[in-house]
Amino acid sequence: MKFRIATWNLNTWINRKNRVPLDGCWQWAEENIRADVMILTEAPLEPPHAFRTDRRWAVRPGGFPGRSGWGTIIVGHKVGIEHLTEVEGRTIDASFPGSLTAANVILEEGPPITVCGIYLPYRKDSDGRFVGHPSRDIAELKEDFKVLRRRSSGGLVIAGDFNHEHVVTPKAIRKIGRGERMVDVFGSDSRHTFRKENPPHDEFKLDYVFVNRDLRDRVIGARGGFEDYPTAANW
């Protein structure tokens, strides 16, 4: 069977500040991405009512500490979603609560695919000083990735907003067990997913979809960034 998986940052807090209706973000995704599984970062933990029908959800209760209105959610449309919070006795996302949401995607055919939704902020302490960096955080999450790969029989997807540009696949993701390597579905074809508000409006690739090699061999197409979705910048 064929299915489509996507990741997108909904900018919940910025949209609320600017009084942009969140329903519009969801509607844009429905009309333009049309994915069977969506990893939505900075997403409202209470989705708009119109989008709760005929969907399955994996939501981390409470989102980020201190930012309880939004987090990373995994949404399945016409596929099953099994939220994973503990695997092999290991609590998932214990290092930086809110950074990682994991789920098994139950398909009509074949074994489940494990999906790991990621959002890696530049963390600050109570005084507003930076105390963490996305690259260091992703290294700390390595054991979570390993146990999720061991748990998965149908393959692993790690996707979301890494808030940092990577020239190569991060080491913590590159090789995570079973002798396999995770690869970027876009390879060296960099797609810009973030544009600065202030001039000169530099663009960066901050959002990624990594899959294990077996899944990569079955990818039949990849679209992303402003190059393929120019109207995403409106949101």
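The following dialogue examines how terms are assigned in this predicted model.

Student: What makes strand 1 and strand 3 the edge strands of the sheet?

Tutor: The sheet is open, with four strands in the order 1-2-4-3 and mixed pairing. Strand 1 (5-9) and strand 3 (55-59) each pair on one side only, and they are therefore its edges. From one strand to the next, the twist averages 20 degrees.

Student: How do you know that strand 2 and strand 4 pair?

Tutor: Pairing requires at least two bridges. Six bridges join strand 2 (residues 37-44) to strand 4 (residues 70-77), so the two strands qualify as paired, and they run antiparallel. Among the facing residues, Leu40 stands opposite Ile73, and Val37 has Gly76 as its bridge partner.

Student: What makes strand 3 and strand 4 a pair?

Tutor: The same cut-off of at least two bridges applies. Strand 3 and strand 4 share five bridges in the antiparallel sense, so they also meet it.

Student: Why is strand 4 described as largely enclosed?

Tutor: A residue is buried when its relative accessible area is under 20%. Seven of the eight residues of strand 4 are buried, so the rest of the structure largely encloses that strand.

Student: Which strands does helix 2 touch?

Tutor: Helix 2 (residues 22-32) packs on the sheet and touches strand 1, strand 2, strand 3 and strand 4. Its direction makes about 165 degrees with that of strand 2.

Student: How many aromatic pairs are there, by the ring-centre rule?

Tutor: The count comes to seven aromatic pairs.

Student: Are Trp28 and Tyr229 buried or exposed?

Tutor: The limit for a buried residue is under 20%. Trp28 has a relative accessible area of 8%, so it is buried. Tyr229, at 15%, therefore counts as buried too.

Student: What is the geometry of the pair formed by Tyr122 and Phe130?

Tutor: Their ring centres are 6.4 Å apart and their planes are at 85 degrees, so this pair is edge-to-face. Tyr122 has a relative accessible area of 35%, between the two limits, and is therefore partly exposed. Phe130 reaches 57%, over the 50% limit, so it is exposed.

Student: What makes Arg195 a charge that sits over the ring of Phe226?

Tutor: The distance limit is within 6 Å of the ring centre, with a further condition on the angle to the ring normal. The charged end of Arg195 is 4.3 Å from the centre of the Phe226 ring and sits over that ring. Arg223 likewise lies over the face of Tyr229, at 5.2 Å from the ring centre.

Student: How many disulfides does the structure contain?

Tutor: A search of the whole structure finds zero disulfides; the criterion is a pair of cysteine sulfur atoms within 2.5 Å. Two cysteines can still be described by burial: Cys25 has a relative accessible area of 0% and is buried, and Cys116, at 0%, counts as buried.

Terms used. Residues are numbered from 1 along each chain as its sequence is written. This is a predicted model: local features need pLDDT of at least 70, side-chain atom pairs count only at pLDDT 80 or more; totals for chains, interfaces and linings use all residues. Side-chain values use heavy atoms; hydrogens and water are left out. Axes are lines fitted to C-alpha atoms, for helices over the stretch in contact, and angles run from 0 to 180 degrees between N-to-C directions. Contact means heavy atoms within 4.5 Å. Rings of Phe, Tyr and Trp (its six-membered ring) pair if their centres lie within 6.5 Å; planes under 30 degrees apart count as stacked, over 60 as edge-to-face and the rest as tilted. Buried means under 20% relative accessible area, exposed over 50%, partly exposed in between (1.4 Å probe, protein chains only). A charge sits over a ring if NZ of Lys or CZ of Arg is within 6 Å of the ring centre and within 35 degrees of the ring normal.
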